Amino acid sequence: MRRNTEQHASVRGARDLTLLWRTLPVAALQYNIPAWQDGLGVADLNNMLRDRAWRQHCANVSPRSCADLRKSCLMNDGDRCKADTLFPVNIGGGAKSWRMATLFLHWRPSIDALQLVTLGKTTCEQTDWAADCLKARYSLHPASRLDVTTLADLELCQAERWCLLFVTPWVVNKNVRTVPHAPDNDTVMRELAKSLRQRAHKLTALCTSDSIWQRLGGHLVHHVADSLLPSGLAVERVDIKQATLQLASTGNGAAFDALVWQGEVTLRIDAQLLPWLTLLAICGGGKNADKGFGSVELIPL
């Protein structure tokens, strides 16, 4: 599909969003691991950090954490609870639409490295805590601190074509009964566009603690996405295998079957959308991305 750069540049709010995201505080550690340990998955590491965060950083006045009491976090506004800032605690009902995890682990196959990325001032201050947890539980050390301070430092470079590799299963749907045919280009395009839109919404809300501002920022994200995504994102090639994976709910432990994608796709991206694509590289996509699923690596072609 032909792109119209001048039209993209004129979309109101598009540049403002990008400038806002680029100022978000970021910290990152990298573990160089030549041979990934068998049986040790990113989801396992992520679950361990979530479990410890909920129990070591919960601001609940009770002797027990909100997670142990199986109730939603009572201090989920602003940065009043570090546990909820790291991994939103909302048992049984899902978090508010603009809330998301702010600590992510990603395995980067191209460089044989595990990266830990933290977003926002409060979570950046917990980077060493996360590293200590990984060292104590899995003996992951030493790590090198990447030379990054804001999201701008992690923004993808100016390439037009990208290979998007699904490093951990990308959860497309939950409670599936049958596995449909392998997805075509249009199906993958819709799924990626949906995740780009969702991540942009959540990241924009992360840039403030004011709920009114968060809602207005979400409206702006959807307006810009409607203008940029249809012509700025194109799927050129799809090499995906579909499967069902049995998962369990963190809230109630109930098991369910999820439809997942594994493999890779080739994308063509307008330069205006590179900051958006960066969000997938940092936060992952699909359902359950905050729990280690949908981790991707983006490699310029």
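Which residue lies over the face of Tyr138? Arg137 does, at 4.7 Å from the ring centre. A charge counts as sitting over a ring if NZ of Lys or CZ of Arg is within 6 Å of the ring centre and within 35 degrees of the ring normal.

1. Basis. This is a predicted model, in which local features need pLDDT of at least 70 and side-chain atom pairs count only at pLDDT 80 or more, while totals for chains, interfaces and linings use all residues. Residues are numbered from 1 along each chain as its sequence is written, and side-chain values use heavy atoms, with hydrogens and water left out.

2. Aromatic pairs. The whole structure holds three aromatic pairs. Rings of Phe, Tyr and Trp (its six-membered ring) pair if their centres lie within 6.5 Å; planes under 30 degrees apart are stacked, over 60 edge-to-face, and the rest tilted. Phe166, Trp170 and Trp261 make up one aromatic cluster.

3. Trp21 and Trp276. Their ring centres are 5.3 Å apart and their planes stand at 75 degrees, so this pair is edge-to-face. Trp21 belongs to helix α2 (residues 14-22) and Trp276 to helix α9 (residues 274-283), so the pair ties together parts 255 residues apart in sequence. Helices (H or I, at least four residues) and strands (E, at least two) are DSSP runs, numbered from the N terminus. Both Trp21 and Trp276 are buried. Buried means under 20% relative accessible area, exposed over 50%, and partly exposed in between (1.4 Å probe, protein chains only).

4. The search of the whole structure gives 13 salt bridges, each a side-chain nitrogen of Lys or Arg within 4 Å of a carboxyl oxygen of Asp or Glu. Arg145 and Asp128 form one of them, at 2.5 Å from N to O. Arg145 sits in strand β4 (residues 144-145) and Asp128 in helix α6 (residues 127-138), so the bridge joins parts 17 residues apart in sequence. Asp128 is partly exposed, at 45% relative accessibility. Lys121 and Glu125 form another bridge, at 2.7 Å from N to O. Lys121 is exposed at 58%; Glu125 is partly exposed at 48%.

5. Arg161 is partly exposed at 30% relative accessibility, and Glu236 is partly exposed at 32%.

6. Asp270. This residue lies in the loop between β7 (255-269) and α9. Asp270 is buried, with a relative accessible area of 5%. A polar atom of its side chain lies 2.9 Å from the backbone nitrogen of Gln272.

7. Cavities. On a 1 Å grid over the protein atoms alone, a cavity is a set of points where a 1.4 Å probe fits but cannot get out; lining residues have an atom within 4 Å of a point. Points are joined across faces, edges and corners, and a volume is the space filled by probe spheres set on them. Two cavities of 30 Å³ or more are found. Strand β2 gives the most, with four residues.

Terms used
A polar contact is a pair of N or O atoms within 3.5 Å; within protein, one must be able to donate a hydrogen and the other to accept it, and residues adjacent in sequence count only if both atoms are side-chain atoms. On a 1 Å grid over the protein atoms alone, a cavity is a set of points where a 1.4 Å probe fits but cannot get out, and a pocket is an open set with protein on both sides within 12 Å along at least five of seven lines; lining residues have an atom within 4 Å of a point.
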